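Hi there,

Here is the structure I promised to hand over. Please have a look at it first, and then read on for what I found.

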Amino acid sequence: IIVTNNQGGYSKPMGEWIVLSILEILKHKKAIYKNQENRKWKMFKNLLELVDKKILFLGTGTIAKEGAKRLQGFECEIHGVNTSGHDAEYFHQVFPTNQVENIISKYDVVVSTLPKIEATYHFIDQQLIDQMKNDVIIVNVSRGEIIDEKALINALEKEKFLGVSLDVFAEEPLDQSSELWGFERVYISSHNSWISEKRNERRLKTILKNMKLYSENKPLMNQKKVTKGY
């Protein structure tokens, strides 16, 4: 059985979402929107710039590349982590995964784009969180299980982060009783980062291209061969 996937099909809107998430936190947009709802005029004088921030992507796949590409114009220092430390487009430097604990303390922003596999379960755990800067920003657009949510809540209670943007959770929808809802520094969205008006168009183009390649007996895009257990 030949199986293909839609790899890269949602990467562009997710790249935009990553930039949006970082800027929302740096510019304190939640508090600003709340003032608008309450018709309260108040100028904030503690807004931050994205310029010169050091950003670390956990994973350097298509989503991370689209995010890193869009961050180039903000004059950021953009690094990545992948299994072997091999170079990736749009990244100034890439480190192997086994070095993450040695470098994590340098970064102002940590973005998770890791796939959900056994090796990435609770990749961001209590130990890794403890080694991050106290005013770090975390953005997770990959899978909820990448972060140990109990460790995250524990750190939030100690006011560890400048902000945390979560689009994915270990259990979805996020239960209304979850403590994550109650933190001012947490920005919650409902697994929305991949949505755009062009998503179906891109998906259809991939399907049609693969059908043409198949008819011509050529290798398919994003192809995997499954022999059992599918």
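Two strands count as paired if DSSP finds at least two bridges between them; helices (H or I, at least four residues) and strands (E, at least two) are DSSP runs numbered from the N terminus. This is a predicted model, in which local features need pLDDT of at least 70, side-chain atom pairs count only at pLDDT 80 or more, and totals for chains, interfaces and linings use all residues. Residues are numbered from 1 along each chain as its sequence is written, and side-chain values use heavy atoms, leaving out hydrogens and water.

Let's begin with the strands. β2 (residues 54-58) and β3 pair in the parallel sense over five bridges, with Leu-58 having Val-81 as its bridge partner in β3. The chain gets from β2 to β3 through helix α3 (residues 62-71), and this β-α-β crossover is right-handed (with the strands pointing away from the viewer, the path from the first strand over the helix to the second runs clockwise). β3 also pairs with strand β4 (residues 93-96), in the parallel sense over four bridges, and there Val-81 stands opposite Phe-95. In β3 (residues 77-82), five of the six residues are buried (under 20% relative accessible area, with exposed meaning over 50% and partly exposed in between; 1.4 Å probe, protein chains only).

Now to helix α7. Its buried residues are Thr-206, Asn-210 and Leu-213. They lie on the same side of α7, because they cover an arc of only 60° around the axis (taken from the directions from the helix axis to the C-beta atoms). The face turned away from that buried side carries exposed Lys-205, Met-211, Lys-212 and Ser-215.

Happy browsing!
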